[in-house]
Amino acid sequence: MLMSALISGRKEHKGVIKGKAVWLGIISPEKSDALRALLAERSEEHKAEFGERDATALKYPLSGLPRCTCQVPHVVGEPCSCKEEGKQHHRMSTGQRGDKDMAIYTCKKEGGGCGGRTIQIPDLEPLMEKLLFKRLEEIEAAAEKDENDPRPALEAKLARWEKRKKELEDELLDGDRPAREIRDAIDTLNGRMADARREMAEYGVKANLHEISAAELQRARKDYSIARKQSTYRGLIREILIHPATRPFNVWNPDRVEVFWK
């Protein structure tokens with residue numbers, strides 16, 4: 001609870017602060033940020049001393065990214081139209097093969113999936129390692145040629161939106177316009193600012209490659225914790241689609257894997 005931005009009057013989704021909330025905070029945003037940083041630091045110290053928790057999400061670097069292309073509907077009675085609507089497919093969960101000691105990703109029925117699609121984790125992870133560094137090499141080459149850094153323009157927009165947001169917050173206190181209308185405008189600005197910061201962060205991945213090459217990163221990554229590897233994948237990958245197995249079913253086919261990069 002102490003790690004949550006909610007107590008400072010801010011909205012938060014999956015650890016990311018999305019902006020000011022309509023409720024009042026019990027502590028200031030500055031104190032909340034300091035508390036979050038302190039608790040996060042202590043958490044890292046605990047991991048260093050006692051190791052990481054033995055949780056599924058921290059066993060496999062790709063957890064949360066593999067998704068099944070099955071046509072099972074998300075809503076009962078409605079056909080699956082993920083591809084047409086740009087939605088994410090059914091998330092695959094970790095499990096074990098029934099016939100031998102082998103970790104797998106599977107599209108579970110209890111999660112709303114087909115219950116049949118699986119892929120072996122020892123096959124998938126080495127493939128994704130290769131694809132990751134191939135992608136990083138492509139980004140590295142593109143970064144060297146890119147003369148149009150979007151960050152100055154985005155920073156200017158952020159400054160302008162921050163100013164407008166402050167004006168709207170003052171309007172909210174004055175009460176000259178309906179509060180709902182002003183809050184909707186503030187929420188829209190918060191969304192735009194979040195998108196701009198995300199774009200700046202993604203470009204930052206390219207910029208950082210000027211300081212360390214993909215080859216150097218590949219060597220350093222061998223010593224990364226599972227959580228850090230997981231962050232690397234999630235920073236670059238939107239989703240990994242797992243297509244049906246082809247005959248003979250016991251032969252590993254890399255073509256089953258389709259990666260959508262950010």
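This is a predicted model: local features need pLDDT of at least 70, side-chain atom pairs count only at pLDDT 80 or more; totals for chains, interfaces and linings use all residues.
Residues are numbered from 1 along each chain as its sequence is written, and side-chain values use heavy atoms, with hydrogens and water left out.

**Second largest pocket**

I looked up the pocket on a 1 Å grid over the protein atoms alone, where a pocket is an open set of points with protein on both sides within 12 Å along at least five of seven lines, and where lining residues have an atom within 4 Å of a point. For its volume I took the space filled by probe spheres set on the points, which are joined across faces, edges and corners. The second largest pocket holds about 310 Å³ of space. Its lining has 14 residues, and those closest to the centre are R97, Q120, F249, N250 and R256. I then asked which element gives the most to this lining, and found strand β7 (residues 118-120), with 3 residues.

**Salt bridges**

I count a salt bridge when a side-chain nitrogen of Lys or Arg is within 4 Å of a carboxyl oxygen of Asp or Glu, and this rule gives 10 of them. For accessibility I use relative accessible area with a 1.4 Å probe on protein chains only, calling a residue buried under 20%, exposed over 50% and partly exposed in between.

In helix α4 (residues 151-174), K166 and D170 lie 4 residues apart, about one turn of the helix, and their closest N and O atoms are 3.1 Å apart in a salt bridge. K166 is partly exposed at 45%, as is D170 at 34%.

In helix α5 (residues 179-208), D184 and R180 are likewise 4 residues apart, about one turn, and their side chains form a salt bridge at 3.6 Å, N to O. Here D184 is partly exposed at 37%, whereas R180 is exposed at 62%.

I also noted a salt bridge of 3.7 Å, N to O, between E171 and R164; E171 is partly exposed at 23% and R164 at 34%. Both belong to a network of salt bridges that links R164, E167, E171, R177 and E181.

Methods:
Helices (H or I, at least four residues) and strands (E, at least two) are DSSP runs, numbered from the N terminus. On a 1 Å grid over the protein atoms alone, a cavity is a set of points where a 1.4 Å probe fits but cannot get out, and a pocket is an open set with protein on both sides within 12 Å along at least five of seven lines; lining residues have an atom within 4 Å of a point.
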